[in-house]
Amino acid sequence: QSLGQVLEARGDLAAAEESFLDAAERFRSLRGADHADTWYALALLSRVMTSRGRCLEAAESFAAAIDGLQRTLGRSNPRTVEARSAWVTHLLR
């Protein structure tokens, strides 16, 4: 997941997407589908997909990730707020 964030910051969105997808799958396998780390990785993946112009494809996963983060971490948790903010920002572009 950290590698994905570095790749995203460097502008290598294809590699970042791959890294976030791998992180989401690993967290799902290790911690379960309804774990905050799994939801956060999915939110990061969705953000990159949106940045790559695949907004419709990312919409469902972004909504699921935000819902999952709100349930597991709460509405005011920084990761939840970050995910909601990223989605709104990408919608406004």
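**First stop: H3 and H5**

Start by selecting H3 and H5, which are roughly parallel to each other, a label given to angles under 35 degrees, while over 145 counts as roughly antiparallel, 65 to 115 as roughly perpendicular and the rest as oblique. Two packed helices are described by the angle between their axes and the distance between the axes. For H3 and H5 the angle is about 20 degrees and the axes are 10 Å apart. Axes here are lines fitted to C-alpha atoms, for helices over the stretch in contact, and the angles run from 0 to 180 degrees between N-to-C directions. Helices (H or I, at least four residues) and strands (E, at least two) are DSSP runs, numbered from the N terminus.

Before you move on, note that this is a predicted model, in which local features need pLDDT of at least 70 and side-chain atom pairs count only at pLDDT 80 or more, while totals for chains, interfaces and linings use all residues. Residues are numbered from 1 along each chain as its sequence is written, and side-chain values use heavy atoms, with hydrogens and water left out.

Now show the side chains between the two helices. On the H3 side, pick Asp37, Tyr40, Ala43, Leu44, Arg47, Thr50 and Ser51; they meet Arg79, Glu82, Ala83, Ala86, Trp87 and His90 in H5. Contact means heavy atoms within 4.5 Å. Sorted by class, this contact has six nonpolar, three polar and four charged residues. Ala, Val, Leu, Ile, Met, Phe, Trp, Tyr, Cys and Pro count as nonpolar, Asp, Glu, Lys and Arg as charged, and the others, Gly among them, as polar. H3 and H5 cross in a left-handed way, meaning that the near helix is turned anticlockwise from the far one by less than a right angle (clockwise would be right-handed).

**Second stop: H2 and H3**

To see where they touch, select residues of H2 including Leu13, Ala16, Phe20, Ala24, Phe27 and Arg31. Among their partners in H3 are Asp37, Ala41, Leu45, Val48 and Met49. By class, the contact of H2 with H3 has 13 nonpolar, two polar and four charged residues.

While H2 is on screen, click on Asp22, which is found in this helix. Asp22 is partly exposed, with a relative accessible area of 33%; buried means under 20%, exposed over 50%, and partly exposed in between (1.4 Å probe, protein chains only). If you draw a distance from Asp22 to Asp34, C-alpha to C-alpha, it is 17 Å, for residues twelve apart in sequence.

Next, select H4 (residues 55–73) and H5 (residues 78–92), whose axes lie 9 Å apart at an angle of about 155 degrees. H4 and H5 are therefore roughly antiparallel to each other. H4 passes H5 in a left-handed crossing. The contact is made by Cys55, Ala59, Phe62, Ile66, Leu69, Gln70 and Leu73 of H4, together with Arg79, Thr80, Ala83, Arg84, Ala86 and Trp87 of H5. These residues divide into nine nonpolar, two polar and two charged.

Zoom in on Gln70, which belongs to H4. Gln70 is partly exposed, at 21% relative accessible area. Setting aside neighbours within four places in sequence, Gln70 is in contact with Arg75, Thr80 and Arg84. Gln70 and Arg84 are 14 residues apart in sequence and 9.7 Å apart in space, C-alpha to C-alpha.

Now go to H1 (residues 2–9), where you will find Leu7. Is Leu7 buried or exposed? With 15% relative accessibility, Leu7 counts as buried. Beyond its neighbours within four places in sequence, Leu7 is in contact with Asp12, Ala15, Ala16 and Ser19. Glu18 is eleven residues from Leu7 in sequence, and their C-alpha atoms are 10.0 Å apart.

**Last stop: the whole chain**

Finally, zoom out. The protein has five helices and zero strands, and its C-alpha trace spans about 30 × 30 × 20 Å along the principal axes. Of its 93 residues, 40% count as buried.
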